[in-house]
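Please look through the structure below before reading my points.

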Amino acid sequence: MRAVRAGAAAAVCALGVATAIFVPAALDDQGDGAGSGRGRGEGSGVHPRAARTTAATTAEKCVRPEASLRPSSASGPAIQRIKNRKVDGHRLGKLIAGVDQNSYRWGYRDPATGDLTGFDIELVRAIAKDIFGDPDAVIYRAIPTSQRVKALQQGKVDIVVRTMTINCDRLKDVAFSTAYFKAGQQVLVPKGSSVTGYNTSLRGKKVCTAQGSTAEAELDKEKGGADDLGAIKVDPVPNQLDCLVRLQLGQVDAVITDNALAAGQAAQDPSVKLVGKPFTEEFYGVAMNKDDEDLVRRVNKVLEGYRSGGDNSPWMRAYRKWLAEDLGRTEENPAAPAPAYKD
């Protein structure tokens with residue numbers, strides 16, 4: 001019990017620093033408005049049944065969502081907008097990246113230095129270096145899971161690098177790079193739990209997910225979802241770490257999240273563990289505004305070099321530094337996913 005309380009206190013402390021983000025106030029409402037009219041149909045006058053039919057048709061056409069645009073180092077309108085962005089009449093000269101700062105190993109604040117660090121942060125720095133010649137030319141914005149798409153549509157960030165799964169539904173709202181990591185949904189429970197995985201052992205158990213996550217979508221499915229398994233789906237929370245806190249406090253019985261994220265959480269708190277096997281296959285990508293085609297191609301060019309070099313590639317060096325201790329070099333994560341292109 002003492003370990004659980006200590007873990008919960010640590011998690012709450014991590015949540016408490018979520019507002020300490022280095023963003024000039026002048027940027028709060030800045031953006032060119034690209035994509036700001038896109039949403040999920042609120043107030044559109046579209047009948048729900050028609051909306052579901054359209055979504056189903058779109059999903060049928062989306063065969064391989066991880067396929068992206070071919071790489072290019074050309075500087076188009078999006079790159080120029082980023083380079084020429086001004087604040088108070090002065091050129092900013094920085095990339096604005098939406099990240100997490102509460103996901104251990106991926107994007108979190110080093111308690112010793114206060115700096116953001118992790119696997120996703122390494123990738124942001126590589127993109128900034130390519131565009132500006134300086135890996136530190138970044139303004140980080142901490143955004144909750146549920147606000148990732150909106151932040152891009154409203155022009156508040158240029159990119160989102162935040163363990164964000166590429167899928168057909170999200171491709172209606174944002175563009176993605178090629179995949180930079182493969183993960184899968186898995187179940188996180190306290191040690192000693194009777195839950196054995198994503199199966200009927202969840203019957204009658206309270207399950208937590210983050211709002212806007214692929215885990216939430218899995219629980220919402222008509223077949224194989226919460227109702228089918230007999231699980232009790234609780235109200236989604238803004239961030240993955242909020243679920244961990246609920247689990248530590250005994251407010252829920254299980255958390256469903258990406259196994260890559262959950263491995264980091266289990267490393268933080270020895271009172272919890274992953275059970276069962278991943279029951280989905282998901283690819284993380286860098287998300288961008290749908291209109292920023294040249295930026296998508298530029299990021300894919302960065303990823304092309306990031307994956308190159310085998311065991312000495314920047315990707316593998318980052319993997320060994322941040323993830324290997326928790327995930328291991330297993331068959332599920334042997335290397336960076338091979339890129340797929342649609343043009």
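In what order do the strands of the open sheet come?

1. The open sheet has 5 strands in the order E7-E3-E8-E17-E9, and its pairing is mixed. Strands (E, at least two residues) and helices (H or I, at least four) are DSSP runs numbered from the N terminus; two strands pair if DSSP finds at least two bridges between them. Strand E7 (138-142) and strand E9 (174-176) are the edges, each pairing on one side only.

2. This is a predicted model, in which local features need pLDDT of at least 70 and side-chain atom pairs count only at pLDDT 80 or more, while totals for chains, interfaces and linings use all residues. Residues are numbered from 1 along each chain as its sequence is written, and side-chain values use heavy atoms, without hydrogens and water.

3. E9 and strand E17 (residues 287-289) run antiparallel, joined by 3 bridges. Ala175 stands opposite Met288 in E17.

4. The structure holds 14 aromatic pairs (rings of Phe, Tyr and Trp, the last by its six-membered ring, with centres within 6.5 Å; planes under 30 degrees apart are stacked, over 60 edge-to-face, the rest tilted). One of them, Phe119 with Tyr180, is stacked, at 6.5 Å centre to centre and 25° between the planes. Phe119 lies in helix H4 and Tyr180 in the loop between E9 and strand E10 (181-183), 61 residues apart.

5. Phe119 has a relative accessible area of 1% and is therefore buried (under 20%; exposed is over 50%, partly exposed in between, with a 1.4 Å probe and protein chains only). Tyr180 is buried too, at 1%.
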